[in-house]
Amino acid sequence: MAAFGILSCEHRPLKRPRLGPPDVYPQDPKQKEDELTALNVKQGFNNQPAVSGDEHGSAKNVNFNPSKISSNFSSIIAEKLRCNTFPDTGKRKPQVNQKDNFWLVTARSQSSINNWFTDLAGTKPLTQLAKKVPIFSKKEEVFGYLAKYTVPVMRAAWLIKMTCAYYAAITETKVKKRHVIDPCIEWTQIITKYLWEQLQKVAEFYRQSSSQGCGSPLPATPVEVETAMKQWEYNEKLAMFMFQYSGEFVQSAYLSRRLAYFCTRRLALLLSDGSVGPGPGGHQAHGISAQPGNALPQTPTPQPAGGNQPQTPFTDFYICPQHRPLVFGLSCMLQSIVLCCPSALVWHYSLMDSRNKTGSPLDLLPIAPSNLPMPGGNTSFTQQVRAKVREIEEQIKERGQAVEVRWSFDKCQETTAGFTIGRVLHTLEVLDSHSFEKSDFSNSLDSLYNRIFGAGQSKDGHEMSPDDDAVVTLLCEWAVSCKRSGRHRAMVVAKLLEKRQAEIEAERCGESEVVDEKGSVSSGSLSAATLPVFQDVLLQFLDTQAPTLTEPGNESERVEFSNLVLLFCELIRHDVFSHNIYMCTLISRGDLASDSHLPRPRSPSEEPADESDRKEQEAGGGGKMEDAGLSESMEIDQNSSAIFDEMFSPPMHCESKGSPSPEKPTPEQDGKTLAKDKGPDPAFPLVYELPRHIQYATHFPIPQEESASHECNQRLVVLYGVGKQRDEARHAIKKITKDILKVLNRKSTAETGGEEGQKRKRNKPEAFPTAEDIFSKFQHLSHFDQHQVTSQVSRNVLEQITSFALGMSYHLPLVQHIQFIFDLMEYSLNISGLIDFAIQLLNELSLVEAELLLKSSSLVGSYTTGLCLGIVAVLRRYHSCLILNPDQTAQVFDGLRIVVKHGVNPADCSSAERCILAYLYDLYTSCSHLKSKFGEIFSDFCSKVKNSIYCNIDPSDSNMLWDPEFMIDTIENPSAHNFSHSMAGKILNDNPANRYSFVCNVLMYVCVGHHDPERVNDIGILCAELTAYCRSLSAEWLGVLKALCCSSNNGNCGFNDLLCNVDVSDLSFHDSLATFVAILIARQCLLLEDLVRCVAIPSLLNAGECCFVQVLYLRF
């Protein structure tokens, strides 16, 4: 019957199987069926059910014992409860054997205790001293030994903590536990009693001396008194060190608030009662009445310098020896919180902690903290401190009022202003919590849009929500502010507003009539249909809140203005902001009418015009460019090189003679992107102190398309008129574009010696500008002109590559030249154009490689890989910008996959191929749409890349036989030797001694040899290539860095030969070492997390070499 109840009529089989259900009855050991009795052998087993005669019935006529059923059921419940209960491991703690780490001090161990305290007073690591910690029979004896050996107070406090840990372990292991005593109170009493005893010894000596009379000379100080004085002086400093923790507790706002409540309650009790209660000496209460008033009263008039404490309610406590330390201690504690952690005193809503009610700790104090007493009297320094406290008190007042009304102008949050402010705060929280490094279903641009614009919309579908203006303004401020980082912010805002604008326009088109909410502000001829939705809001932002250039030395102002240019460049590209309507609006309002305000970018032709001077310049710089490429000669001029180092991405300048190294995406430090020049600003020439809209019209870029030719001409006419100035501006752009193209077309890679190449070789060499000349002219252009130059030059390079790919040309642009264009585009903030240019180049690489194979060129496999490495460097740097466009991301992924698809083994490939594979892996894991599109063809290969490139390694501690001459010629001049990296990698992989010698020789040259940045760069590239073919070198690099940074932690770091010849305290090689490590990380030789886990954290925890490590990491 039970079997039929399991299956319903719908799930029963149509035909009953021939055989019955399988025999699935459970078999038990020693069951009755297995008993071979005579009866069972003869007749077989006969099952005797518990209820005979009614096996399948209800057995309602059978009498059962209720007590037996109850007891059985109770036993079942008890067993179930026992099985479901976790064992209490707290009652069975493992026994701690105190002899393992502690040893009791006896008379026989005097020599050992002397040696141990000598090491404690020295520099021996505490991790080694903790293996055997001495324990005295009397706790106060430890203070005598600490003073005898003059142990540093920090290490002395460590010994006291270890002693506390010992006695705490003893208390836990005892069967009969006693009441646990607070160790802070216990050791306070111990050190106080010890100090009192030493003081009594000294006082007794001077008391006996004074009883002999004033005329008698003082006797010689006994040894016991001198020892007591030494003990007093040392332990007084130790007690002061153990007491001073104000610099630590103010790091926690929660702890500071708790302490502030304690201090204010005690001080308020003093003022209200006149005393904290009858003291042990029968001290009488002070009759002081509390002053009524708010927690922070009006600031009193400053007292003159000098003299005693100002008159306060605590004046009478100054002369009381009982209450004076208490008042000063509580006051100093509260004033420290005011100065270092004012957030703990701000009025707040307490929803979680029932002990701290809603309000502020200062609500309990009837006077301001600035009126509380301070030690040192009423000196000038004390008055400065009081002035600072009063200044912070005003800030606490303002912040408390803002919290009380929840940052709204109205206490009623249901008003329009309150709703708008709430939505603005919500938008800011959404932006700060969103991760722009990845894209999936819950963390994408669509989800970000829904979280910002999905709630609080107007009931009228065709109208814009009343608080959209505030949200749009906040988005602009977020994209421009220097308090946030990332170039992706401008693109994010442009795409969000583009999507919002499309949604609003779709709602308008769905209605029968066109709604014009605000009307056009530009001219009567412009209809509302051509006006972008947010044109008025963005124009108002430019009128009132957008940053302008006013001070040449203001770095944050320059950064914010650059961010503004990038933001409106993206808004114009996405048709969210109309540059044409903007110019018409400025003309109609008369903002550009004054001729005196017409700016003119400095002409690049204002360089030495004399032909002989130009030839001298090219004679000095042209030869270098001829040998090493454009990138090397950039470092001649200090001003331009500083801007190159700050403004250009690290991958572009990591290598000068080869391809750049792509780096992990790092947060951009927008506040440090420009060089700190004391002279005039070359990036924004002749625009300071000009009207804001003239600055904007000068720099805002316009898309370089045929449809935007009218706007470009309109801008030229508005800014320069129709005369000579406009012609000069056009000529400057043409001149610098011609110079760049001249260099690009001159030094190309001639393929197969075609007629075109032979004609070019027969031509007379011309005078070419150097790279620093080109950049010096380029940086004096406005951002609009820079966009125009880079767009034209990038189109020219793309035409050359396309022409070669189609077999119509024999010349390819050098990889260094393309990297130079990348740098120019990045400096001009043409980020979207830079990404588009990189993707277009990536799409041509497969055709270029095929053409190189067809022509049997020597560049097969090297040119496209090197160029692809530069493209990966750009895309990795602007990874957050790239993944905002899923189509471009898929295009990049497919292009990179095609480049490395020809049988590349992640465990055996070149350094450049490893960088490409690593970025492919990062793209695949950070974008969910790539997994759904390319999962079938890349998932297996992705696991191979992860196992070979992204596997964690442990540092090596090698100590082999060092060969100082191993590969020393190659290390000293890597560019002069041409050899197979794969063969050299195999040699290193087969012999650990060779790896050890190679690593030591490289680090010896980087740290002790010449610190030439170019040479260090070449060595880094060499090591990256060899590491790609010898993965065992990764552990060696990690081990040698750990040896340099953690050599004082313990003595088994390895690489003793290197440590004997390198002084880690020498600051001269830190820059070179940081550059070398950066190249290894960028080239996927080391994982940054491995460096942090195995080198950074252990070295920073060690106090001995913390300075060296911090300086190294700051440079890195």
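## Loops with positive phi

Helices here are DSSP runs of H or I with at least four residues, and strands are E runs of at least two, numbered from the N terminus. With that in hand, find Met967 in the loop between helix H37 (928–949) and helix H38 (968–972). Met967 isn't a glycine, yet its phi is positive, at about 55°.

This is a predicted model, where local features need pLDDT of at least 70 and side-chain atom pairs count only at pLDDT 80 or more, while totals for chains, interfaces and linings use all residues. Residues are numbered from 1 along each chain as its sequence is written, and side-chain values use heavy atoms, leaving out hydrogens and water.

Leu829 also has a positive phi without being a glycine, near 65°. Look for Leu829 in the loop between helix H31 (815–827) and helix H32 (831–854). Buried or exposed, which is Leu829? Leu829 counts as buried because its relative accessibility is 3% (buried means under 20% relative accessible area, exposed over 50%, partly exposed in between, with a 1.4 Å probe and protein chains only).

## An enclosed helix and a buried serine

Helix H29 (residues 771–778) has eight of its eight residues buried, so the rest of the structure largely encloses it. Among those buried residues are the charged-type names Glu772, Asp773 and Lys777, along with Ile774 and Phe775.

Ser331 sits in helix H12 (residues 324–340), and it's buried, because its relative accessible area is 0%. Beyond its neighbours within four places in sequence, Ser331 is in contact (heavy atoms within 4.5 Å) with Leu267, Leu372 and Pro373. Cys263 is 68 residues from Ser331 in sequence, but their C-alpha atoms are 7.5 Å apart in space.

## An arginine without a salt bridge

Now for Arg995, in helix H40 (residues 992–1008). Arg995 is buried but has no salt bridge (a side-chain nitrogen of Lys or Arg within 4 Å of a carboxyl oxygen of Asp or Glu). Which side chain of opposite charge is nearest to Arg995? That's Glu1036, 4.2 Å away.

The Arg995 side chain does reach the backbone oxygen of Asn989, at 3.1 Å. Leaving out residues up to four places away in sequence, Arg995 touches Leu988, Asn989, Cys1030, Ser1032, Leu1033 and Glu1036.

## Where is Leu1088?

Leu1088 belongs to helix H45 (residues 1088–1101). Leu1088 counts as partly exposed because its relative accessibility is 37%.

Notes. Polar contact = N/O pair within 3.5 Å; in protein donor to acceptor, adjacent residues only side chain to side chain.
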